[in-house]
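Here are a few notes to go with the model. Have it open while you read.

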Amino acid sequence: MQERIAARGLGAVLRASALAWGAAVQSEYALVLVCDALFWKGEMEEADDTLAPLADTIASACRGRRTTCVLAHRERDREREAAFYAMCRARGLALVPCSAAAQAYAPPEKEQQDPGCRGRLCLLRICDAETGDATIAEPSTYVAS
């Protein structure tokens, strides 16, 4: 992402950085993007499950702030995904499905590279349930590139 920002000359208005799952977020961000992070690799030990650390990091980024997290993932395991959503709610976060207009910005199905999985694309906005505003601007206000 940093390379794309620089290549488009947007470094003065955008910055990107990695967030370590489970670590507290020190900086305030306007937007946190999380893409395809809910899947479970069968060979992973259950103790290494990433859902709770991911929920902790998103909560750390959003709670008490006006930060919005956009979560994009393929529906693969509804039970696991529901457990993650419950973890987020338990941490004081609101989860709001993105509108059909936002979904329209996804690449056409035939261009989506996700071997072995053709589950529904899920787009959610996540923010502080008490102070956040889950109604961020609709994509029509953004420039697609």
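1. Where is Asp36 found? Asp36 sits in the loop between strand S1 (31-35) and helix H2 (51-62); helices (H or I, at least four residues) and strands (E, at least two) are DSSP runs, numbered from the N terminus.

2. A word on the ground rules: this is a predicted model, where local features need pLDDT of at least 70, side-chain atom pairs count only at pLDDT 80 or more, and totals for chains, interfaces and linings use all residues. Residues are numbered from 1 along each chain as its sequence is written, and side-chain values use heavy atoms, with hydrogens and water left out.

3. Back to Asp36: have a look at its backbone, with a positive phi of about 50° although Asp36 is not a glycine. Most residues other than glycine have a negative phi. Asp36 counts as partly exposed because its relative accessibility is 27%, between the cut-offs for buried (under 20% relative accessible area) and exposed (over 50%), with a 1.4 Å probe and protein chains only.

4. Glu75 is in another spot to check, the loop between strand S2 (68-74) and helix H3 (78-90). Its relative accessible area is 16%, so Glu75 is buried. The Glu75 side chain makes a polar contact with the side chain of Arg78 (3.0 Å); that term means a pair of N or O atoms within 3.5 Å, where within protein one must be able to donate a hydrogen and the other to accept it, and residues adjacent in sequence count only if both atoms are side-chain atoms.

5. As for the whole chain, there are four helices and four strands, running α-β-α-β-α-β-α-β from the N terminus on. Of its 145 residues, 34% count as buried.
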